[in-house]
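Subject: A structure for you to explore

Hi there,

Here is the structure I promised to pass on. Have a look around first, and then read my notes below.

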Amino acid sequence: MANPATAKTARKPLIAGNWKLHNNHFEAIALVQKLAFALNDGDFDAVEVVVLPPFTSLRSVQTLVDGDKLKIGYGAQDVSQHEKGAYTGEISGAMLAKLGCSYVLAGHSERRQYHNEDDAVVNAKVRAAFARDITPILCLGEGLEVRKAGEQVAHTLAQLDGALKDVTEEQARRLVVAYEPVWAIGTGEVATPADAQEVCAALRARLGELYSPETAQETRILYGGSVKSDNIAGIMAQGDVDGALVGGASLKAEEFVKLVRFGEQA
Ligand SMILES: O=C[C@H](O)COP(=O)(O)O
């Protein structure tokens, strides 16, 4: 198996801002412009920067990114499991691909909680994304009761198994996984770096079992849950954490820039 330190170096860090239900298309353009103005080529060489606006802002972000040749990537927060048809309110992978989306979230805990998405639906969404060459950011994580019972590893591994049913090794190599303990999302309760590492390492080991050690070493695994500039450095120092999926802190340009420059944070 590859030396873990070497393997982490080979995985480009990814900082993704999940804007959730924030930013209309005017606000989205303004925020992307601020990020583009503040970040430099060195930042983009070191870190992949991605924003995940609401659907209604995607076209505006696409136009800005393409027109000004920005190095900021973008994607959506959800994708339909269906290709087309009578599914009112749904957005297909084909539609997202047409908008140039590189990424899409699948199985965010807020979708699981408020829209009853189970592992089968998440699996269908992961496969719908891959079918259109969009990289799914597969979100996994335990609630507080599971954490209190000490079953966070078994819980997230079961979610991983369910979400990757019929996903090929070639697809898995392009996958991004985001470990987001539900109790740490938007609460200010950040998992300790050791908490994040424990589950991210277990997820990587399971990818090795499901596919191969090489695929496990290539797959980027993010941590998400109250990530801010004052806690990101410790999290990013962990051997199996390759980036962050950031909610609240990604809505402010200055804070987002600090997250991208995690190496400079104390
Ligand atoms: O997708 C992002 C996560 O839900 C984390 O959100 P948060 O940074 O506001 O806690």
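Let me begin in a helix. Glu198 sits in helix α11, which covers residues 193–210; helices here are DSSP runs of H or I with at least four residues, strands are runs of E with at least two, and both are numbered from the N terminus. Glu198 is partly exposed, as 17 other C-beta atoms lie within 10 Å. The cut-offs for that word are these: 20 or more other C-beta atoms within 10 Å of a residue's own make it buried, 12 or fewer make it exposed, and anything in between is partly exposed, with C-beta atoms placed from the backbone. Asp240 is 42 residues away from Glu198 along the chain, and their C-alpha atoms are 8.7 Å apart.

Before going on, please keep in mind that this is a predicted model: local features need pLDDT of at least 70, side-chain atom pairs count only at pLDDT 80 or more, and totals for chains, interfaces and linings use all residues. Residues are numbered from 1 along each chain as its sequence is written.

Val199 is also in helix α11, but Val199 is buried, with 25 other C-beta atoms within 10 Å. Leaving out neighbours within four places in sequence, Val199 is in contact with Gln152, Val153, Thr156 and Tyr179; contact means that the C-beta atoms, placed from the backbone, lie within 7 Å. Leu39, by comparison, is 160 residues from Val199 in sequence and 31 Å away in space, C-alpha to C-alpha.

Now the whole chain. It has 14 helices and eight strands. Its radius of gyration is 17 Å, close to the 18 Å that the globule rule gives for 266 residues, so the chain is as compact as a globular protein of that length. (The radius is taken over C-alpha atoms, and the rule is 2.2 Å times the number of residues to the power 0.38.) Along the principal axes, the C-alpha atoms fill a box of roughly 50 × 45 × 35 Å. Of the 266 residues, 44% count as buried. Among contacts between residues at least 6 apart in sequence, 73% join residues at least 24 apart.

In soluble globular proteins, nonpolar side chains tend to be buried together. In this chain the largest nonpolar core has 72 residues, and Ala16, Val104 and Tyr179 are among those with the most contacts inside it. Such a core is a set of buried Ala, Val, Leu, Ile, Met, Phe, Trp, Tyr and Cys residues joined through C-beta atoms within 7 Å. Not counting residues up to four places away in sequence, Val104 touches several residues, including Gly75, Leu96 and Pro136.

Next, the ligand. Which residues are closest to it? Of the 14 that surround it, the closest are Asn18, Ile185, Gly224, Gly247 and Gly248; a residue counts as near if its C-beta atom, placed from the backbone, lies within 6 Å. The shell divides into five nonpolar, eight polar and one charged. (Ala, Val, Leu, Ile, Met, Phe, Trp, Tyr, Cys and Pro count as nonpolar, Asp, Glu, Lys and Arg as charged, and the others, Gly among them, as polar.)

The unreviewed UniProt entry places a "binding site" at Asn18, Trp19, Lys20, Gly186, Ser226, Gly247 and Gly248. They span 231 residues in sequence, yet no two of their C-alpha atoms are more than 13.8 Å apart, so they gather at one spot. UniProt positions are in the numbering used here, feature names are shortened, and annotations may be inferred rather than shown by experiment. Asn18 is found in strand β1 and is buried, with 26 other C-beta atoms within 10 Å. Lys20 lies in the loop between β1 and α2 and is partly exposed, with 18 C-beta neighbours inside 10 Å.

Are they buried or exposed? His108 is buried, with 28 C-beta neighbours inside 10 Å, and Glu180 is buried, with 29. Leaving aside neighbours within four places in sequence, His108 is in contact with Gln77 and Cys139, while Glu180 touches residues including Cys139, Ile185 and Gly224.

Enjoy exploring!

Conventions: Contact = placed C-beta atoms within 7 Å.
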